[in-house]
Amino acid sequence: MDELNKEQYRASRADNGVSLVLAGAGTGKTKTLVEKVRNVMDCPGMGPDHILVLTFSRRAAEELRDRIGSGCGGGRGIHAGTFHSFCFDLLRRHASAFTAAAGFSRFPAVVDDEGKKAMIGELIRRDLGRFLGMPAGVVYDLVTGHGSLEKWKRKKLDDSGLGAELTLLSTEYRLVKQKRNVIDYDDMMGCAIRLLETDGAVRAEVLDRCRYVFVDEFQDVSDDNMRLLKLLLPERDRNLFAVGDDWQSIYGFRGASVEHIIKMKRHFPETVVHRLTVNYRSRKEIVALACGFIRNNRHRTRKSLRASRGKGGIVRSYTVGSLEEEADIIRAVIAGHDPDRCLAVLFRNNWQGRYLKERLGGEEIPGVTFMTMHASKGLEFDRVVIAGVCDSILPDGDNDIEEERRLLFVACTRARDELHVIVHVNDEGEPSRFGRELGVVKKY
């Protein structure tokens, strides 16, 4: 294990209790978590099979398993996986109790997202007219995301009568799953929660087995994640180590709630908060731009970031009046690119990527990586181009403005040495809202 800085060392000591590590972008959060796991494993009475490490994506879970394996003597016996994989393992471990409580005749099969879409689509198309002429794909998106919609959107659906139809559709889907003896990924979480809430013997077994719980990317927890987490911890003498950064909470559309990390002490009053503030990724100029921008958010934790690599970064902004001009600028940046270094072009929506690739020749361009800002989270590149800082694209008018800022913050902090930001102007020739907040004040 590489040497830890003072902040990482303090956070990773093998103490009991509830700890929240607010880890800024590029500050070594995974390194700190792995060191904490290693230290906890050395405590008397605490073996690897007593440790549970939870995260949100398979990619993140695989990285954690690899890092824990190399840093903790193989890490054999430690469960490190996604919330969903843990829930499924729990249901299988207690299959008899689960099937009896849930009304299944035998342990159900799991349908993937494609299977779920097909089943719901079949129900929608039986009577598409009841959804007031909405396309089947839109109805699917509404019924699967209805619980995480903002209040005003749900009210609008309710007032039109669509809310009741979506609720009925959800009931129909649940009955079809029961009949076919299947569950989907979302059911894994709900079924595990209900089992722990209603079966004292199952919860007692889980509490005895999972004596120290670790959560990575804590800014992405949903209400259901938090319900599950509280059931995995005893009422007293809780051991929880949570790592995350509210400044990088960008998955509200999946049900993530930034409230949980910002107001952690409401859930666990005994929480000790640590902050990791030394950024090892980006040059000072890039860190300064990103931090100055995110401070426009009012609903956030307070922390500062310092660039370990010091000065020497390149930050350039461009104002454009059209997508064609934007593509020309990206072409010029790529033309001067050293193929031995990695370059990423980041954008808000998939259609931007398709358009840019077509404008730039339609072929794969040799480090040059095209991806959405969401997909870039957790990655880093020598040079980054951010496309489409435009009032009609970023921020997305249908999304929370502070989450849109966090998304742009994530994009900026992917850059190690160079950051190129392309800002579109409005009808008056002024830079877009986020362009102005970034400090781009040039008129077109």
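Tyr-212 is buried, and Phe-214 is buried too. Buried here means under 20% relative accessible area, with exposed over 50% and partly exposed in between, using a 1.4 Å probe and protein chains only. A word on the source: this is a predicted model, where local features need pLDDT of at least 70, side-chain atom pairs count only at pLDDT 80 or more, and totals for chains, interfaces and linings use all residues. Residues are numbered from 1 along each chain as its sequence is written, and side-chain values use heavy atoms, leaving out hydrogens and water.

Back to the rings. Searching the whole structure gives nine aromatic pairs. Tyr-212 and Phe-214 have ring centres 5.1 Å apart and planes at 25°, so they are stacked. The cut-offs: rings of Phe, Tyr and Trp (its six-membered ring) pair if their centres lie within 6.5 Å; planes under 30 degrees apart are stacked, over 60 edge-to-face, the rest tilted. One aromatic cluster is formed by Phe-88, Phe-98, Phe-104 and Phe-107.

Now the sheet. Five strands make an open sheet, ordered E11-E15-E14-E12-E13, with parallel pairing. Strands E11 (314-320) and E13 (368-372) are the edges, each pairing on one side only. From one strand to the next, the twist averages 20°. Strands (E, at least two residues) and helices (H or I, at least four) are DSSP runs numbered from the N terminus. Two strands pair if DSSP finds at least two bridges between them.

Which strand is largely enclosed by the rest of the structure? Strand E14, residues 381-389, because nine of its nine residues are buried. E14 pairs with E12 (residues 343-347) in the parallel sense over four bridges. There, Leu-346 stands opposite Ile-386 of E14. Six bridges join E14 to E15 (residues 415-424), also running parallel. Phe-381 stands opposite Ala-415 in E15.

Last, the helix. E14, helix H19 (residues 401-412) and E15 build a right-handed β-α-β unit. Right-handed means that, with the strands pointing away from the viewer, the path from the first strand over the helix to the second runs clockwise. H19 packs on the sheet and touches E12, E14 and E15. Contact means heavy atoms within 4.5 Å. The direction of H19 makes about 150° with that of E14. Axes are lines fitted to C-alpha atoms, for helices over the stretch in contact, and angles run from 0 to 180 degrees between N-to-C directions.
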